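Visitor: I have the sequence and the model open beside me, and I would like to go through a few residues slowly. Could you guide me through them?

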Amino acid sequence: MTGPLVVVGDTLLDIDVDGNADRLCPEAPVPVVDVGREWHRPGGAGLAARLAARSAADVVLVTALGADEGGARLARLLAGEVELCALPLEGETVRKTRIRAAGQSVVRLDHGDGRAAHEPLDERTVAVLREASAILVADYGRGVASHPRIRELLAATDAPVVWDPHPRGGPPVPGAALVTPNDSEAANFAGEPGTPEELAERLRAEWAAEAVAVTVGSKGAVLADGTGTRTIPVPNAARVPASVRPDTCGAGDRFASAVTAALFEGAALPNAVASAVESAARFVAAGAATALSEPAEPIRPPEGLTGFELAERVRRRGGRVVATGGCFDILHPGHVTLLRRARELGDALIVCVNSDESVRRLKGPGRPVVTAADRVRVLSALESVDAVVVFEESSPVEVLRTLRPDVWVKGGDYEGADLPEAEVIRENGGKVVLVPTVEGYSTTRLIETVSNG
(Lines give C-alpha, C1' and ligand atoms only; values in the text may rest on other atoms or scores of the structure.)
Protein backbone atom coordinates (compact mmCIF):
# COMPACT_ATOMS: atom_id res chain seq x y z
CA MET A 1 0.00 0.00 0.00
CA THR A 2 1.89 3.04 -1.28
CA GLY A 3 -0.68 5.25 -2.97
CA PRO A 4 -3.26 7.55 -1.37
CA LEU A 5 -6.89 6.97 -0.53
CA VAL A 6 -8.71 8.87 -3.30
CA VAL A 7 -12.24 10.24 -3.07
CA VAL A 8 -13.94 11.04 -6.40
CA GLY A 9 -17.21 12.91 -6.66
CA ASP A 10 -19.28 16.07 -6.40
CA THR A 11 -18.68 18.51 -3.56
CA LEU A 12 -21.52 20.70 -2.30
CA LEU A 13 -21.61 23.51 0.26
CA ASP A 14 -23.79 22.54 3.21
CA ILE A 15 -25.12 25.40 5.36
CA ASP A 16 -26.95 25.11 8.66
CA VAL A 17 -28.83 28.18 9.90
CA ASP A 18 -29.54 27.62 13.59
CA GLY A 19 -32.10 29.53 15.61
CA ASN A 20 -35.11 29.32 17.91
CA ALA A 21 -38.79 29.07 17.02
CA ASP A 22 -41.34 29.91 19.72
CA ARG A 23 -44.14 31.52 17.70
CA LEU A 24 -46.08 31.17 14.43
CA CYS A 25 -46.10 33.64 11.57
CA PRO A 26 -49.33 35.73 11.57
CA GLU A 27 -49.66 35.41 7.77
CA ALA A 28 -49.50 31.62 7.68
CA PRO A 29 -49.30 28.67 10.14
CA VAL A 30 -45.52 28.33 9.82
CA PRO A 31 -42.87 28.81 12.52
CA VAL A 32 -40.88 32.02 12.75
CA VAL A 33 -37.18 31.17 13.22
CA ASP A 34 -35.06 33.76 15.02
CA VAL A 35 -31.64 33.15 13.47
CA GLY A 36 -28.70 32.70 15.84
CA ARG A 37 -25.69 31.34 13.96
CA GLU A 38 -24.80 30.11 10.49
CA TRP A 39 -22.51 27.11 9.98
CA HIS A 40 -20.72 25.88 6.85
CA ARG A 41 -19.17 22.53 5.91
CA PRO A 42 -18.29 20.62 2.74
CA GLY A 43 -21.04 18.25 1.66
CA GLY A 44 -21.12 15.32 -0.74
CA ALA A 45 -17.68 14.08 -1.73
CA GLY A 46 -16.09 16.88 0.31
CA LEU A 47 -17.66 15.54 3.50
CA ALA A 48 -16.68 11.97 2.55
CA ALA A 49 -13.07 13.10 2.03
CA ARG A 50 -12.90 14.89 5.39
CA LEU A 51 -14.29 11.81 7.09
CA ALA A 52 -11.82 9.56 5.26
CA ALA A 53 -9.01 11.82 6.50
CA ARG A 54 -9.97 10.80 10.05
CA SER A 55 -8.81 7.27 9.26
CA ALA A 56 -6.12 7.68 6.59
CA ALA A 57 -3.17 10.05 6.57
CA ASP A 58 -2.99 10.50 2.78
CA VAL A 59 -6.34 11.47 1.23
CA VAL A 60 -6.82 13.13 -2.18
CA LEU A 61 -10.16 14.56 -3.33
CA VAL A 62 -10.94 14.66 -7.06
CA THR A 63 -13.88 17.02 -7.42
CA ALA A 64 -15.21 20.04 -9.32
CA LEU A 65 -15.02 23.49 -7.74
CA GLY A 66 -16.67 26.66 -9.02
CA ALA A 67 -15.00 30.02 -9.53
CA ASP A 68 -17.60 31.70 -7.29
CA GLU A 69 -17.64 32.49 -3.57
CA GLY A 70 -19.14 29.08 -2.78
CA GLY A 71 -16.24 27.34 -4.51
CA ALA A 72 -13.72 29.51 -2.69
CA ARG A 73 -15.40 28.76 0.63
CA LEU A 74 -15.24 25.02 -0.06
CA ALA A 75 -11.55 25.26 -0.93
CA ARG A 76 -10.90 27.03 2.40
CA LEU A 77 -12.90 24.45 4.35
CA LEU A 78 -10.97 21.58 2.76
CA ALA A 79 -7.52 23.19 2.97
CA GLY A 80 -5.14 21.30 5.23
CA GLU A 81 -7.46 18.29 5.46
CA VAL A 82 -7.04 16.71 2.03
CA GLU A 83 -5.15 17.31 -1.20
CA LEU A 84 -7.41 18.78 -3.88
CA CYS A 85 -7.45 17.86 -7.57
CA ALA A 86 -10.01 20.35 -8.81
CA LEU A 87 -11.90 20.03 -12.09
CA PRO A 88 -13.71 23.07 -13.55
CA LEU A 89 -17.37 23.54 -12.60
CA GLU A 90 -19.92 24.88 -15.08
CA GLY A 91 -22.56 26.98 -13.32
CA GLU A 92 -23.01 28.00 -9.70
CA THR A 93 -21.76 26.02 -6.67
CA VAL A 94 -24.57 23.89 -5.27
CA ARG A 95 -25.59 25.07 -1.79
CA LYS A 96 -27.94 23.16 0.50
CA THR A 97 -29.21 25.27 3.40
CA ARG A 98 -31.01 23.68 6.34
CA ILE A 99 -33.03 26.04 8.53
CA ARG A 100 -32.99 24.53 12.02
CA ALA A 101 -34.80 25.37 15.22
CA ALA A 102 -33.83 23.79 18.54
CA GLY A 103 -31.61 21.38 16.61
CA GLN A 104 -34.38 20.14 14.29
CA SER A 105 -34.61 20.92 10.58
CA VAL A 106 -37.60 23.05 9.57
CA VAL A 107 -36.95 23.36 5.84
CA ARG A 108 -34.11 22.92 3.33
CA LEU A 109 -33.34 25.45 0.61
CA ASP A 110 -31.31 24.33 -2.44
CA HIS A 111 -29.44 26.74 -4.70
CA GLY A 112 -27.03 26.32 -7.61
CA ASP A 113 -26.93 24.35 -10.84
CA GLY A 114 -23.22 23.55 -11.05
CA ARG A 115 -22.00 20.47 -12.93
CA ALA A 116 -18.50 19.20 -13.59
CA ALA A 117 -17.13 20.20 -16.98
CA HIS A 118 -15.99 17.13 -18.94
CA GLU A 119 -12.69 18.63 -20.02
CA PRO A 120 -9.39 16.68 -20.32
CA LEU A 121 -7.88 15.74 -16.96
CA ASP A 122 -4.58 17.24 -15.87
CA GLU A 123 -1.55 15.00 -15.32
CA ARG A 124 -1.78 15.13 -11.52
CA THR A 125 -5.38 13.88 -11.45
CA VAL A 126 -4.57 11.02 -13.82
CA ALA A 127 -1.53 10.07 -11.74
CA VAL A 128 -3.52 10.15 -8.49
CA LEU A 129 -6.18 7.81 -9.89
CA ARG A 130 -3.54 5.42 -11.23
CA GLU A 131 -1.53 5.36 -7.98
CA ALA A 132 -4.47 5.05 -5.55
CA SER A 133 -4.49 2.25 -2.99
CA ALA A 134 -8.28 2.59 -2.52
CA ILE A 135 -10.91 4.74 -4.21
CA LEU A 136 -14.26 5.99 -2.94
CA VAL A 137 -16.69 7.34 -5.54
CA ALA A 138 -19.16 9.67 -3.78
CA ASP A 139 -21.54 10.24 -6.69
CA TYR A 140 -24.06 13.06 -6.17
CA GLY A 141 -25.17 13.17 -9.79
CA ARG A 142 -23.30 16.36 -10.69
CA GLY A 143 -20.98 14.99 -13.35
CA VAL A 144 -17.67 14.09 -11.72
CA ALA A 145 -18.34 10.34 -11.54
CA SER A 146 -19.71 10.33 -15.10
CA HIS A 147 -16.60 12.01 -16.57
CA PRO A 148 -15.60 9.58 -19.38
CA ARG A 149 -11.87 9.64 -18.61
CA ILE A 150 -12.47 9.19 -14.88
CA ARG A 151 -14.73 6.19 -15.53
CA GLU A 152 -12.08 4.73 -17.83
CA LEU A 153 -9.42 5.04 -15.12
CA LEU A 154 -11.74 3.62 -12.45
CA ALA A 155 -12.56 0.60 -14.62
CA ALA A 156 -8.85 -0.09 -15.19
CA THR A 157 -7.58 0.31 -11.60
CA ASP A 158 -6.39 -2.59 -9.45
CA ALA A 159 -7.31 -0.68 -6.28
CA PRO A 160 -10.58 -1.54 -4.51
CA VAL A 161 -13.33 0.83 -5.66
CA VAL A 162 -16.19 1.63 -3.28
CA TRP A 163 -19.11 3.30 -5.08
CA ASP A 164 -21.68 5.30 -3.13
CA PRO A 165 -24.40 5.79 -5.77
CA HIS A 166 -26.96 8.56 -6.23
CA PRO A 167 -30.41 8.34 -7.89
CA ARG A 168 -29.35 11.09 -10.33
CA GLY A 169 -25.98 9.54 -11.07
CA GLY A 170 -24.92 6.76 -13.40
CA PRO A 171 -24.25 3.10 -12.60
CA PRO A 172 -20.99 2.09 -10.93
CA VAL A 173 -18.19 0.82 -13.12
CA PRO A 174 -18.27 -2.99 -13.50
CA GLY A 175 -16.06 -4.83 -11.04
CA ALA A 176 -16.46 -2.37 -8.17
CA ALA A 177 -15.34 -3.94 -4.89
CA LEU A 178 -18.42 -2.64 -3.08
CA VAL A 179 -21.50 -0.53 -3.90
CA THR A 180 -23.27 1.10 -0.93
CA PRO A 181 -26.87 2.24 -1.59
CA ASN A 182 -29.28 2.76 1.29
CA ASP A 183 -32.49 0.73 1.33
CA SER A 184 -34.67 3.33 -0.44
CA GLU A 185 -32.00 3.95 -3.09
CA ALA A 186 -31.63 0.21 -3.64
CA ALA A 187 -35.36 -0.17 -4.31
CA ASN A 188 -35.21 2.77 -6.72
CA PHE A 189 -32.22 1.32 -8.60
CA ALA A 190 -33.82 -2.14 -8.76
CA GLY A 191 -37.05 -0.69 -10.12
CA GLU A 192 -39.21 -2.76 -7.79
CA PRO A 193 -39.57 -3.36 -4.05
CA GLY A 194 -37.93 -6.21 -2.21
CA THR A 195 -36.23 -7.12 1.01
CA PRO A 196 -32.74 -5.63 1.54
CA GLU A 197 -31.33 -9.14 0.95
CA GLU A 198 -33.17 -9.50 -2.37
CA LEU A 199 -32.21 -6.00 -3.49
CA ALA A 200 -28.53 -6.49 -2.60
CA GLU A 201 -28.32 -9.74 -4.60
CA ARG A 202 -30.24 -8.31 -7.56
CA LEU A 203 -28.11 -5.16 -7.77
CA ARG A 204 -24.87 -7.09 -7.35
CA ALA A 205 -25.72 -9.06 -10.50
CA GLU A 206 -27.02 -6.02 -12.39
CA TRP A 207 -23.96 -3.90 -11.64
CA ALA A 208 -21.44 -6.76 -12.00
CA ALA A 209 -20.05 -5.71 -8.61
CA GLU A 210 -18.00 -7.91 -6.31
CA ALA A 211 -20.31 -6.97 -3.44
CA VAL A 212 -23.25 -4.71 -2.52
CA ALA A 213 -23.96 -3.44 1.00
CA VAL A 214 -27.48 -2.04 1.46
CA THR A 215 -27.49 0.18 4.54
CA VAL A 216 -30.65 -0.06 6.64
CA GLY A 217 -30.26 2.75 9.16
CA SER A 218 -30.19 1.72 12.81
CA LYS A 219 -30.38 -1.96 11.76
CA GLY A 220 -26.91 -1.86 10.18
CA ALA A 221 -26.25 -3.18 6.67
CA VAL A 222 -27.05 -6.17 4.47
CA LEU A 223 -23.99 -7.45 2.61
CA ALA A 224 -24.21 -9.59 -0.52
CA ASP A 225 -20.94 -10.97 -1.89
CA GLY A 226 -19.64 -14.16 -3.51
CA THR A 227 -20.27 -16.16 -0.33
CA GLY A 228 -23.93 -15.21 0.11
CA THR A 229 -25.97 -12.61 1.98
CA ARG A 230 -25.78 -11.63 5.64
CA THR A 231 -26.94 -8.84 7.95
CA ILE A 232 -24.27 -6.91 9.84
CA PRO A 233 -25.97 -5.22 12.83
CA VAL A 234 -24.98 -2.11 14.76
CA PRO A 235 -23.07 -3.16 17.91
CA ASN A 236 -25.01 -2.51 21.10
CA ALA A 237 -22.27 -0.21 22.40
CA ALA A 238 -22.70 2.10 19.39
CA ARG A 239 -26.49 2.25 19.33
CA VAL A 240 -28.29 5.56 19.79
CA PRO A 241 -30.86 5.31 22.63
CA ALA A 242 -34.41 4.78 21.38
CA SER A 243 -35.51 7.96 23.20
CA VAL A 244 -33.16 10.10 21.09
CA ARG A 245 -34.14 11.38 17.65
CA PRO A 246 -30.72 11.62 15.98
CA ASP A 247 -29.60 13.80 13.10
CA THR A 248 -28.45 11.31 10.45
CA CYS A 249 -27.08 13.87 7.97
CA GLY A 250 -23.89 12.43 6.47
CA ALA A 251 -24.31 8.91 7.90
CA GLY A 252 -24.07 7.37 4.42
CA ASP A 253 -20.88 9.30 3.71
CA ARG A 254 -19.42 8.11 7.02
CA PHE A 255 -20.27 4.49 6.20
CA ALA A 256 -18.73 4.71 2.72
CA SER A 257 -15.60 6.55 3.87
CA ALA A 258 -15.06 4.16 6.79
CA VAL A 259 -15.39 1.03 4.67
CA THR A 260 -13.00 2.50 2.08
CA ALA A 261 -10.47 3.37 4.79
CA ALA A 262 -10.69 -0.17 6.17
CA LEU A 263 -10.06 -1.66 2.71
CA PHE A 264 -7.21 0.86 2.31
CA GLU A 265 -5.68 -0.65 5.45
CA GLY A 266 -6.04 -4.18 4.05
CA ALA A 267 -9.12 -5.39 5.93
CA ALA A 268 -11.24 -8.21 4.54
CA LEU A 269 -14.56 -7.00 3.11
CA PRO A 270 -16.91 -8.36 5.85
CA ASN A 271 -14.67 -6.89 8.54
CA ALA A 272 -14.51 -3.58 6.67
CA VAL A 273 -18.32 -3.42 6.46
CA ALA A 274 -18.70 -4.29 10.15
CA SER A 275 -16.22 -1.55 11.05
CA ALA A 276 -18.08 0.92 8.84
CA VAL A 277 -21.46 0.05 10.41
CA GLU A 278 -20.05 0.84 13.85
CA SER A 279 -18.30 4.02 12.63
CA ALA A 280 -21.52 5.34 11.06
CA ALA A 281 -23.49 4.64 14.25
CA ARG A 282 -20.93 6.42 16.42
CA PHE A 283 -20.85 9.31 13.93
CA VAL A 284 -24.63 9.77 14.28
CA ALA A 285 -24.41 9.51 18.07
CA ALA A 286 -21.72 12.23 18.12
CA GLY A 287 -23.90 14.73 16.21
CA ALA A 288 -23.42 13.53 12.61
CA ALA A 289 -22.30 16.04 9.99
CA THR A 290 -23.22 19.08 12.08
CA ALA A 291 -20.24 18.29 14.34
CA LEU A 292 -17.93 19.07 11.37
CA SER A 293 -19.39 22.50 10.67
CA GLU A 294 -17.54 25.78 11.07
CA PRO A 295 -19.05 29.20 11.81
CA ALA A 296 -19.68 31.24 8.67
CA GLU A 297 -17.86 34.07 10.46
CA PRO A 298 -15.62 32.68 13.21
CA ILE A 299 -16.04 34.67 16.42
CA ARG A 300 -13.09 35.18 18.75
CA PRO A 301 -14.08 35.87 22.36
CA PRO A 302 -13.12 39.19 23.97
CA GLU A 303 -9.62 39.08 25.41
CA GLY A 304 -9.30 39.03 29.17
CA LEU A 305 -12.14 36.59 29.84
CA THR A 306 -11.24 33.56 31.94
CA GLY A 307 -12.26 30.15 30.66
CA PHE A 308 -15.09 30.02 33.21
CA GLU A 309 -16.38 33.48 32.21
CA LEU A 310 -16.20 32.53 28.54
CA ALA A 311 -18.16 29.31 29.15
CA GLU A 312 -20.94 31.25 30.90
CA ARG A 313 -21.10 33.83 28.13
CA VAL A 314 -21.32 31.16 25.41
CA ARG A 315 -24.06 29.34 27.35
CA ARG A 316 -26.09 32.55 27.79
CA ARG A 317 -26.00 33.01 24.00
CA GLY A 318 -27.30 29.47 23.50
CA GLY A 319 -23.94 28.21 22.20
CA ARG A 320 -22.08 24.96 22.76
CA VAL A 321 -19.02 24.85 25.02
CA VAL A 322 -16.33 22.33 24.09
CA ALA A 323 -13.44 21.41 26.37
CA THR A 324 -10.44 19.12 26.17
CA GLY A 325 -7.53 18.53 28.48
CA GLY A 326 -4.05 17.17 28.90
CA CYS A 327 -0.43 18.03 29.62
CA PHE A 328 0.33 19.50 26.16
CA ASP A 329 4.00 19.48 27.17
CA ILE A 330 5.70 19.68 23.75
CA LEU A 331 3.05 20.75 21.25
CA HIS A 332 3.12 18.59 18.10
CA PRO A 333 0.89 18.02 15.00
CA GLY A 334 -1.18 15.43 16.84
CA HIS A 335 -2.14 18.04 19.44
CA VAL A 336 -2.90 20.65 16.78
CA THR A 337 -5.18 18.25 14.88
CA LEU A 338 -7.02 17.26 18.08
CA LEU A 339 -7.59 20.91 19.02
CA ARG A 340 -8.79 21.91 15.57
CA ARG A 341 -11.25 19.02 15.41
CA ALA A 342 -12.43 19.72 18.95
CA ARG A 343 -13.10 23.38 18.04
CA GLU A 344 -15.29 22.25 15.13
CA LEU A 345 -17.70 20.65 17.61
CA GLY A 346 -19.01 23.88 19.14
CA ASP A 347 -18.83 27.64 19.65
CA ALA A 348 -15.80 27.86 21.95
CA LEU A 349 -12.93 25.53 22.89
CA ILE A 350 -11.51 25.69 26.41
CA VAL A 351 -8.34 23.69 27.05
CA CYS A 352 -7.76 22.33 30.57
CA VAL A 353 -4.01 22.00 31.17
CA ASN A 354 -2.23 20.10 33.95
CA SER A 355 -0.09 22.33 36.18
CA ASP A 356 3.64 21.63 36.44
CA GLU A 357 3.21 19.70 39.68
CA SER A 358 0.32 17.73 38.21
CA VAL A 359 2.46 16.76 35.20
CA ARG A 360 5.29 15.65 37.51
CA ARG A 361 2.91 13.37 39.40
CA LEU A 362 1.70 11.81 36.16
CA LYS A 363 4.88 11.71 34.05
CA GLY A 364 7.77 11.68 36.52
CA PRO A 365 10.35 14.15 37.86
CA GLY A 366 11.77 15.00 34.43
CA ARG A 367 8.53 16.50 33.20
CA PRO A 368 7.20 18.89 32.12
CA VAL A 369 9.79 20.06 29.62
CA VAL A 370 7.82 23.27 29.05
CA THR A 371 6.45 25.21 32.05
CA ALA A 372 2.72 25.77 32.53
CA ALA A 373 3.05 29.50 31.81
CA ASP A 374 4.70 28.81 28.43
CA ARG A 375 2.29 25.99 27.59
CA VAL A 376 -0.63 28.36 28.22
CA ARG A 377 1.01 31.03 26.06
CA VAL A 378 1.54 28.65 23.12
CA LEU A 379 -1.94 27.12 23.32
CA SER A 380 -3.61 30.54 23.57
CA ALA A 381 -1.89 31.60 20.34
CA LEU A 382 -3.64 28.85 18.36
CA GLU A 383 -6.67 29.94 16.34
CA SER A 384 -8.62 26.88 17.48
CA VAL A 385 -8.22 27.66 21.21
CA ASP A 386 -10.47 30.26 22.86
CA ALA A 387 -9.30 29.96 26.48
CA VAL A 388 -6.98 27.90 28.70
CA VAL A 389 -7.57 26.80 32.31
CA VAL A 390 -4.78 25.32 34.47
CA PHE A 391 -5.67 22.73 37.12
CA GLU A 392 -3.58 21.34 39.96
CA GLU A 393 -5.18 17.92 40.44
CA SER A 394 -4.13 14.77 38.56
CA SER A 395 -7.54 14.69 36.86
CA PRO A 396 -9.61 17.64 35.54
CA VAL A 397 -12.77 16.39 37.30
CA GLU A 398 -13.07 19.34 39.72
CA VAL A 399 -12.44 22.02 37.12
CA LEU A 400 -15.04 20.36 34.88
CA ARG A 401 -17.66 20.54 37.65
CA THR A 402 -17.39 24.32 37.40
CA LEU A 403 -16.77 24.60 33.66
CA ARG A 404 -19.71 22.30 32.73
CA PRO A 405 -18.83 21.82 29.04
CA ASP A 406 -21.38 20.47 26.60
CA VAL A 407 -18.72 18.34 24.92
CA TRP A 408 -15.54 16.83 26.42
CA VAL A 409 -13.03 15.73 23.77
CA LYS A 410 -10.27 13.17 24.17
CA GLY A 411 -7.99 11.44 21.69
CA GLY A 412 -9.13 8.16 20.16
CA ASP A 413 -6.35 6.32 22.01
CA TYR A 414 -8.59 6.59 25.10
CA GLU A 415 -11.31 4.44 23.48
CA GLY A 416 -12.40 1.81 25.95
CA ALA A 417 -10.60 3.53 28.82
CA ASP A 418 -12.49 4.41 32.00
CA LEU A 419 -12.18 8.20 31.96
CA PRO A 420 -12.63 9.58 35.49
CA GLU A 421 -14.11 12.78 34.09
CA ALA A 422 -16.79 11.04 31.97
CA GLU A 423 -19.24 10.75 34.85
CA VAL A 424 -19.13 14.44 35.77
CA ILE A 425 -19.55 15.41 32.11
CA ARG A 426 -22.70 13.31 31.82
CA GLU A 427 -24.02 14.51 35.18
CA ASN A 428 -24.12 18.01 33.70
CA GLY A 429 -25.87 16.87 30.50
CA GLY A 430 -22.73 16.81 28.34
CA LYS A 431 -21.21 14.08 26.20
CA VAL A 432 -17.75 12.62 25.62
CA VAL A 433 -16.40 12.60 22.03
CA LEU A 434 -13.29 10.66 21.03
CA VAL A 435 -11.32 12.18 18.15
CA PRO A 436 -9.00 9.87 16.17
CA THR A 437 -5.32 10.46 16.93
CA VAL A 438 -2.64 11.19 14.33
CA GLU A 439 -0.36 8.17 14.17
CA GLY A 440 3.32 8.63 14.96
CA TYR A 441 3.12 11.64 17.27
CA SER A 442 3.72 11.44 21.02
CA THR A 443 5.43 13.86 23.40
CA THR A 444 7.05 10.94 25.24
CA ARG A 445 8.34 9.53 21.94
CA LEU A 446 9.71 12.93 20.91
CA ILE A 447 11.58 13.27 24.19
CA GLU A 448 13.01 9.73 23.85
CA THR A 449 14.12 10.46 20.28
CA VAL A 450 15.94 13.62 21.35
CA SER A 451 17.50 11.85 24.34
CA ASN A 452 18.78 9.05 22.10
CA GLY A 453 20.32 11.51 19.69
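Visitor: Which residue has a side chain that is joined to the side chain of Asp386 by a polar contact of 2.8 Å?

Guide: This is a predicted model, and in it Asp386 is found in the loop between α12, residues 372-380, and β18. The side chain of Asp386 also reaches a backbone atom, the nitrogen of Leu349, at 2.7 Å. The side-chain partner in the polar contact of 2.8 Å is Arg343.

Visitor: Does Asp386 count as buried or exposed?

Guide: A residue is called buried when its relative accessible area is under 20%. Because the relative accessibility of Asp386 is 14%, this residue counts as buried.

Visitor: Where is Ser394 found, and which side chain is joined to that of Ser394 by a polar contact of 3.3 Å?

Guide: Ser394 lies in the loop that runs between β18 (387-391) and α13 (397-403). Leaving aside neighbours within four places in sequence, Ser394 is in contact with Asn354, Ser358, Arg361 and Leu362. The polar contact of 3.3 Å between side chains joins Ser394 to Arg361.

Visitor: How many Å separate the C-alpha atoms of Ser394 and Asn354?

Guide: Along the chain, Ser394 and Asn354 are 40 residues apart.

Visitor: Which residues form a nonpolar patch on the surface together with Val107?

Guide: Val107 has its place in strand β7, residues 104-111, and is partly exposed, with a relative accessible area of 39%. The patch has about 210 Å² of accessible area together, and the residues that form it with Val107 are Val106 and Leu109.

Methods:
Residues numbered from 1 in each chain as written. Predicted model: local features only at pLDDT ≥ 70, side-chain atom pairs only at ≥ 80, totals over all residues. Heavy atoms only, no water. Patch = residues over 30% accessible without salt bridge, like charges linked within 9 Å, V, L, I, M, F, W, Y side chains within 5 Å. Areas by Shrake-Rupley, 256 points an atom, 1.4 Å probe, with all protein chains shown as cover. Salt bridge = Lys/Arg side-chain N within 4 Å of Asp/Glu carboxyl O. Helix = DSSP H or I, 4+ residues; strand = E, 2+ residues; numbered from the N terminus. Buried < 20%, exposed > 50% of the residue type's maximum accessible area, 1.4 Å probe, protein only. Contact = heavy atoms within 4.5 Å. Polar contact = N/O pair within 3.5 Å; in protein donor to acceptor, adjacent residues only side chain to side chain.
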